[in-house]
Amino acid sequence: LGKAYDKNLDDVVPQYYIAKLRELQDQQTLAAETYLRVIEGLTPTNQTPVKVKRANNRDADDEIQIPGISREMTYPWPGNAKANQLKSESFFCLAMLELHRQSSQSERLRVKKAITLLRFSVKVEMNNFKSNFHLGHLLIKSGRHEDSMPYFESAVRTNPDFAEGYNNLGVAQDLCGQGAEAVRAYEKASALKPDLQAATCNLCMAQLRDITETSDLTELIRTVSRAILVGGRSQPLAFTIRGLCYHLRDQSHTEGEERHTVFDRDN
C-alpha cells in the first residue's frame, strides 16, 4: 500500500487502507494522523464553502474545534461522490477512534469530540447510515432524545432493513412521548430481525405500559411467546414478562387502581 501511494501521491485510497491496518495493529495515534491526511487530500484547494442542510439548528453550536481539522476540510467536494464517501468514512473512523482510545481526557470531552466528527461525516455525506446511527446513539445517551430522532430516521431511510436503527428510533420516540410511533418502530425492528432481543423487550414493555384495566393481555402474551420461540431459554426477561402477564390476567378481578400501582412500581 505504501508503494502504491508513493507512485501516486494524489491517490488517497491506499492511505485510507493503511489507516485501517494501523487501527488493527492498535496504532491509534498513527491511524488518526493517517485519516487526517486522507481527509486533507480529499479537500480541494481554494474550495468554495458548500451550504449544507443540517438536521438540527443546534448542530453548529455543538461542534467543537478538533486539532488538525480546518473548516474547509469539513465541506463536501461538489460533484465528487466517491471522494465524499471516502471522506465521510474517514471522519466516521476518527470518531470511533476518539471514543475508544486510551486518553487522559474525560469521557464527556471524548464524546463531544466524537459527536463533532460524526456531524462532519454526515455533513460530507448525509446518507452515511453508520454515522447517522452512531450520532443518534451518542445524542440519546447524552439525554438529547429529540435531537437524535432525525439521525435515526436518516439511517433507516438509507438502509430500510436496519433493524437496530428502527429499535433506537423507537427508543427516542418513546422517550419523547410518542408512544404509538415507538410501538410501530419496535414492531418493524422485530419483524426485520426476530432475534433482536432489545426490540422485543422494548415492544413488550411499551405494550405493558399502555395496558389499562380493560385491556386484553392476549396480544402481549403472543408477542413474548414468539420471542421465546425464537430465542429459547436465552431470554430470561421474556419469560419474566410473560409470567407477569399471566399473573395480571389471572388477577383480572383486582381493582384497576391497584394494578396500575403495580405497573408504576415495576416501571
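Biologist: Let's start with a cysteine: is C93 buried or exposed?
Modeller: A residue is called buried under 20% relative accessible area, exposed over 50% and partly exposed in between (1.4 Å probe, protein chains only). C93 has a relative accessibility of 3%, so the class it belongs to is buried.

Biologist: What pLDDT does the protein average?
Modeller: This is a predicted model, where local features need pLDDT of at least 70, side-chain atom pairs count only at pLDDT 80 or more, and totals for chains, interfaces and linings use all residues. Residues are numbered from 1 along each chain as its sequence is written, and side-chain values use heavy atoms, leaving out hydrogens and water. The pLDDT score is the predictor's confidence in each residue, from 0 to 100. In this protein 73% of the residues score at least 70, and the average is 79.

Biologist: How many helices does the protein have?
Modeller: Helices (H or I, at least four residues) and strands (E, at least two) are DSSP runs, numbered from the N terminus. Along the sequence the pattern reads α-α-α-α-α-α-α-α-α-α-α-α-α-α. There are zero strands, and the number of helices is 14.

Biologist: How many of the residues, as a percentage, count as buried?
Modeller: The contacts give some background: of those with a separation of 6 or more, 55% are between residues 24 or more positions apart. For burial, the protein has 267 residues, and the share that counts as buried is 44%.

Biologist: How are α2 and α3 oriented to each other?
Modeller: Two packed helices are described by the angle between their axes and the distance between the axes. Axes are lines fitted to C-alpha atoms, for helices over the stretch in contact, and angles run from 0 to 180 degrees between N-to-C directions; under 35 degrees is roughly parallel, over 145 roughly antiparallel, 65 to 115 roughly perpendicular and the rest oblique. Helix α2 (residues 13-24) and helix α3 (residues 28-41) have axes 8 Å apart at about 165 degrees. That is why α2 and α3 are roughly antiparallel.

Biologist: Which handedness does the crossing of α7 and α8 have?
Modeller: The axes of helix α7 (residues 129-141) and α8 come within 8 Å and cross at roughly 160 degrees. That makes α7 roughly antiparallel to α8. Among the residues that meet are F129 and F133 of α7, and Y151 and F152 of α8. A crossing is left-handed if the near helix is turned anticlockwise from the far one by less than a right angle, and right-handed if clockwise; this crossing is left-handed.

Biologist: At roughly what angle do α6 and α7 cross?
Modeller: α6 passes α7 in a left-handed crossing. The residues meeting there include V111 and I115 of α6, and L135 and L138 of α7. The axes of helix α6 (residues 107-124) and α7 come within 9 Å, and the angle is roughly 150 degrees.

Biologist: How far apart are the C-alpha atoms of L192 and F162?
Modeller: L192 is found in helix α10 (residues 179-192) and is partly exposed, with a relative accessible area of 31%. Beyond four places in sequence, L192 touches P160, D161, F162, A163 and Y166. L192 and F162 lie 30 residues apart along the chain, with their C-alpha atoms separated by 7.7 Å.

Note on methods:
Contact = heavy atoms within 4.5 Å.
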